[in-house]
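Subject: Structure handover

Hello,

Here is the structure I promised. Please open it first; my notes follow below.

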Amino acid sequence: MKLALRELRRQPGRFAAAGMILTLIALLLMFLGGLLDGLIRSSTGAVRALDADVLVFSSSAENAFLRSRVEPALRATVDAVDGVEQTAGIGVLQFGARMPDSDPRDLLDIALFGTELPLQSVDALPGEGEVLADESLRQRGVTEGMVLELGPGRSPVTVVGFTKDTSYLGQAALWASPQTWREVLGENRPDQLLGPDVFQALLVRLAPGSDAAAVAERIDEATGAATASLTVIAAADTLPGVQEQQATFNQIIGVTVAIAIVVVALFFALLTIERAGLYGVLKAIGAESRSLFGGLVLQAVVLTTLSCGIAAVAAVGLDLAIPPGSIPLRISALRLITSLVYLLVAAVVGCAFSLRRVLRVDPASAIGSSS
Amino acid sequence: MNEQDGLTGDGFTEHAPAQGWGPALIMEKARKVYPMADSEVVALDDADIVVEADEMVALVGPSGSGKTTLCSIAGGILSPTSGRVVVGGVDISTFGPKQLTRVRRELVGFVFQSVNLVPFLTARENLLVVDELGRRTGAPARRRADQLLEELGLADRAKNLPGQLSGGQRQRVAIGRALMNDPELVLFDEPTSALDTKLGMAVMELIRDEMKSRGIAAIVVTHDERITQFCDRSVHMEDGRVL
């Protein structure tokens, strides 16, 4: 093992090409992972920010707010379910918003939420005609006190504060009281106007000690399957496009890891061929195949860790260099560690292809042919 | 190999000899046969040889005569197809690969034809690699490496890489490496073939002095008759047979 580390230290040039390729692969992996995390965050932030445990949709809505309707009678049934402490209505509308004095075609993509429950990070709901805005809108020039005009009806709402990480399907969220939301809905989408006390979905807070998944099941049982209830975490995952994004990116990440395996396998296979003579000598003087292969794996692990370290610095640098809001990139420590683990596994698997070659090195080769 | 406790486990115990006062090598009717498609090739044909504890034997013969095979079997690199091989009192005739690895690590020293030092290790580290491959002894091994380098006139070259050493110095480092495990038997495979005549003779003198001063047995494989003058006796081989 010491031998392997010394070779890495004293002949770094020998590993430079593989190290460079591994660094680029690691950077790609971290960048892809960061994009995935950023996309998921910008899609699900609003749902994750809800101060509730369970989301209740109508059963035919397929977990989509726009298709869902919860009537007061259904809500009363949910209220009566064991484990439910409180219910609150919620609805959302997506449309364009104009800033004062902006070009008429320069619209902000926003999602207006009307909710009876304040968010986790907010103490109280805004007043009538007021909204809390997602912080990403600051980069677009939205400021506190600004009046935004929503939708084709140009419904005015005043921004009274900002919330963090509350994007919805890539759009910045505005948070309003149910009354404000209904007014904007009526002015812009009269065909979708809901009756009094009717909401698109229900937020459920649980009684202490209750299990969210179990309560969700009980709600659907109590409503005779008229509802489809999900924990808030599950609801975030079932938002339109989220699973597709995850699947697509995870496939790309998988292919990248496979490429890393091939790179490590090829590099260390070549290195093993090149070292066959040295391995023969070392075996002749008493080295075991196990320790020679262990040295090979150690070199791959150290090389991969160093490459990931350089790539992590580059990824964080990219994250800082890219202007906020331009690309949904989110480099997190967890993503960097996950990428390292993937590549370490790839390195070990890649090395495994050289095992047979190491085992086959004949110590007799060190003292010429064996006649 | 005078440390009795170094010969425990891996099948060594039942063979553990009274070390240091028997022949370094006993080979009786040792035979090595390689099966071919329709026939077989006899690389070593019932070879008998005894090398005493402090004896230096030149193994002479043309290419393909079986010198390397004999040497490989004596050094625990190859197993004989049949016959008996005893190294330092340990009967290794039936040893498997794992036990033979230990034989090479603890009972035998090798000096290869092309020296074959580890290129990225210093002279001192090339000696210490022997300790690192086996049971690490740490400080005693470092002391022994320093002592060997001193005795081989390489103390001031201890931190040099092989590439920074002359051919003769590299050969001396290789000899030091072969002596690191305090072997019963050192096998020299054409030790002067890569050196010019003058340096070759000097290296042979050094080998003879080192082996004799330590009382270690040696087999020097060579096809150069001039080398034989440095050895106690010559053993000739032809067609796999010891003549």
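At what angle do helix H2 and helix H9 of chain A pack, and how far apart are their axes? The angle is about 45°, and the axes lie 8 Å apart.

Some ground rules. This is a predicted model: local features need pLDDT of at least 70, side-chain atom pairs count only at pLDDT 80 or more, and totals for chains, interfaces and linings use all residues. Residues are numbered from 1 along each chain as its sequence is written, while chains are lettered from A and ligands numbered from 1 in the order in which they are written.

**Helix pair in chain A**

H2(A) covers residues 12–48 and H9(A) covers residues 289–321. Helices (H or I, at least four residues) and strands (E, at least two) are DSSP runs, numbered from the N terminus. Axes are lines fitted to C-alpha atoms, for helices over the stretch in contact, and angles run from 0 to 180 degrees between N-to-C directions. The two helices are therefore oblique to each other (under 35 degrees is roughly parallel, over 145 roughly antiparallel, 65 to 115 roughly perpendicular, the rest oblique). H2(A) passes H9(A) in a right-handed crossing (the near helix is turned clockwise from the far one by less than a right angle). Residues of H2(A) in the contact include Phe15(A), Leu22(A) and Gly34(A); among those of H9(A) are Leu303(A), Ala311(A) and Asp319(A). Contact requires C-beta atoms, placed from the backbone, within 7 Å. By class, this contact has 16 nonpolar, five polar and one charged residue (Ala, Val, Leu, Ile, Met, Phe, Trp, Tyr, Cys and Pro are nonpolar; Asp, Glu, Lys and Arg charged; the others, Gly among them, polar).

**Chain B against chain A**

25 residues of chain B contact 22 residues of chain A. Helices H1 (67–74), H2 (97–106) and H3 (123–133) of chain B each give two or more residues to its side. That side has twelve nonpolar, nine polar and four charged residues.

**Sheet in chain B**

Six strands form an open, mixed sheet, ordered E6-E7-E8-E3-E9-E10. Pairing takes at least two DSSP bridges. The edge strands are E6(B) (108–111) and E10(B) (241–242). E9(B) (233–238) runs antiparallel to E10(B), joined by two bridges. Met237(B) has Val242(B) as its bridge partner.

**Domains of chain B**

Domain 1 is 4–107 + 183–242 and domain 2 is 115–182; the bounds come from an automatic or database assignment. Their centres, over C-alpha atoms, are 22 Å apart. Domain 1 gives 13 residues to the contact and domain 2 gives twelve.

Best wishes

Conventions. Contact = placed C-beta atoms within 7 Å.
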